[in-house]
Amino acid sequence: MPSLKDLKNRITSVKNTRKITKAMQMVAAAKLRRAQEAAEAARPYADRMNAVIAGLAASVGGSNGAPRLLAGTGADKVHLLKVHLLVVMTSERGLCGGFNTTIVRLVRAKANELLAAGKTVKILTVGKKGREQLRRDFGDHFVGHVDMAEVKRVGYANAQDIAREIFARFEAGEFDVATIFFNRFQSVISQIPTAQQIIPAQPVETSEVSALYDYEPSEEAILADLLPRGVATQIFTALLENGASEQGARMSAMDNATRNAGDMINKLTIQYNRSRQAAITKELIEIISGAEAL
Amino acid sequence: MANTLQFDLVSPERKLASVQATEVQIPGAEGDMTAMAGHVATITTLRPGILKAIGPQGTQAFAVTGGFAEIGASSVTVLAERAIPVDDLSGTVLDDLVKEARELLAIAPEDQKAHAEMVLSDVLALRSHAKH
């Protein structure tokens, strides 16, 4: 049975915790709004970009001159040993519920599946939380890490840096297929871990007729110019979705924590009052029985 | 008769302009072009240069670094990797652009050297143009 003083201290400490989680929840809510706006603002660009690439890919894709970013390295046709690069996007900070765990679980499943199929897996991590969680099982597969701790606001430049790093590895022939892993923002309570293949590009199916356009310079040249931009755009979209998801996940996690802290305070207060009452009753009994003995 | 076209300028981060324009001057990869209403549908890539939209509400000019433009009979959509309103162009912004182009040239693989050099010369031209 803890003493009254212990209980009191405990209550004060849980109250402080509740204040902190409440504050974190509100900060996350504010950041979430900003992240959502950023994701919203980026949508027109990404949509147009994807539509144009899809149109071009549909008309150029079949020919032999298709860029390698679209056609792939051809490794799957020559031999089955493909090298997969998994780009894992997670957060830099914790306390955001299952946000990082869900991504890591998806990556782990995918990596095991690829390894079982006899393929080589390489992992590039963005954000340190995923790196920490994956280190134990897949530490040998790490090929690089992009640190986002210094980035206050995700900009297109960050996406370009990541894209450049990936292209450099692609040019060097380090991998054949690249997939990015991130959480797609659905709502504050639901984020969907997503795997998206970026190299070779998988243009969305389009019904739009693109042959109506004049291309300057040639279609192939434009496609070769646009594909890297398309990849950078996809990475940028993923970063933004991930940012919004992180804040959403943190918001609901902190909301839960605040509520749990409230419950705990109620429970402790009841316990505190009970033991206070018990002490008073005990003293009264002692006084009365003392008086009777006289 | 509709003699204006809808001009949209979007960068990855946000929409920069959406206005009616009578003509849009585009720094295309193969040379500058001016798009007016009724232009044949064209897609062109951009080189670093000045993009200008002239319309009833006045002229808007942006420095763009790359991307592409989609021209239709009644609309022009420019997707620029980076676009800076000309009024915001200062020496430091341009110097940064030049520096960046130089760095890209330094790390460019052999087969892309020529392209990177072209970008650098375009950026240099842009800077000298803006200084006057």
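In chain B, the centres of domain 1 and domain 2 are 21 Å apart, taken over C-alpha atoms. The model is a predicted one. The domain assignment places domain 1 at residues 5-86 and domain 2 at residues 89-131 of chain B. The two domains touch. Seven residues of domain 1 of chain B are in contact with seven residues of domain 2 of chain B. On the domain 1 side of that contact, four residues are nonpolar, two are polar and one is charged.

Now take chain B as a whole. It holds two helices and ten strands. Start at the N terminus and the order is β-β-β-β-β-β-β-β-β-β-α-α. The C-alpha trace of chain B spans about 50 × 30 × 25 Å along its principal axes. How does its radius of gyration sit beside that of a compact globule? For 132 residues, such a globule would have a radius of gyration near 14 Å, and chain B has 15 Å, so the two agree. Of the 132 residues in chain B, 35% count as buried. Look also at contacts in chain B between residues at least 6 apart in sequence: 50% of them join residues at least 24 apart.

Strand β1 covers residues 5-10 and strand β2 covers residues 15-21. These two run antiparallel and are joined by six bridges. They form a hairpin, with four residues between β1(B) and β2(B). Within this pair, B:Leu5 stands opposite B:Ala21 in β2(B). Strand β1(B) has another partner, β9(B). β1(B) and β9(B) pair in the parallel sense, over five bridges. Here B:Asp8 stands opposite B:Thr77 in β9(B).

From here, move to the other chain. How many residues of chain B are in contact with chain A? The count is 21 residues of chain B, against 22 residues of chain A. On the chain B side, β5 (42-46), β8 (67-71) and β9 (75-80) each supply at least two residues. β5(B) gives the most, with four residues. The residues on this side of chain B divide into nine nonpolar, six polar and six charged.

Strand pairing also crosses between the chains. Strand β6 of chain A, residues 214-216, pairs with β5(B) in the parallel sense over three bridges. A:Glu216 has B:Thr44 as its bridge partner in β5(B).

What about the interior? In soluble globular proteins, nonpolar side chains tend to be buried together. The largest nonpolar core here has 96 residues. Those with the most contacts inside it are A:Leu86, A:Val87, A:Val88, A:Met89, A:Phe181, A:Leu227 and A:Ile235. Helix α7 of chain A, residues 219-293, gives the most to this core, with 17 residues. Chain B takes part too: the core draws at least three residues from each of its domains, domain 1 and domain 2.

Zoom in on A:Val88. Leave aside its neighbours within four places in sequence. A:Val88 is then in contact with A:Ile103, A:Val107, A:Ile123, A:Thr125, A:Val126, A:Gly130, A:Leu134 and A:Phe181.

Finally, visit a loop of chain A. A:Leu95 lies between β1 (83-89) and α4 (99-116) of chain A. Its phi is near 55 degrees, a positive value in a residue other than glycine. Why does A:Leu95 count as partly exposed? It has 14 C-beta neighbours inside 10 Å, so A:Leu95 falls in that class. A buried residue would need 20 or more, and an exposed one has 12 or fewer.

How values were computed
Residues numbered from 1 in each chain as written. Chains lettered and ligands numbered in written order. Predicted model: local features only at pLDDT ≥ 70, side-chain atom pairs only at ≥ 80, totals over all residues. Nonpolar A, V, L, I, M, F, W, Y, C, P; charged D, E, K, R; others polar. Pairing = 2+ DSSP bridges. Domains from an automatic or database assignment. Core = buried A, V, L, I, M, F, W, Y, C linked by C-beta atoms within 7 Å. Rg over C-alpha atoms; globule rule 2.2 N^0.38 Å.
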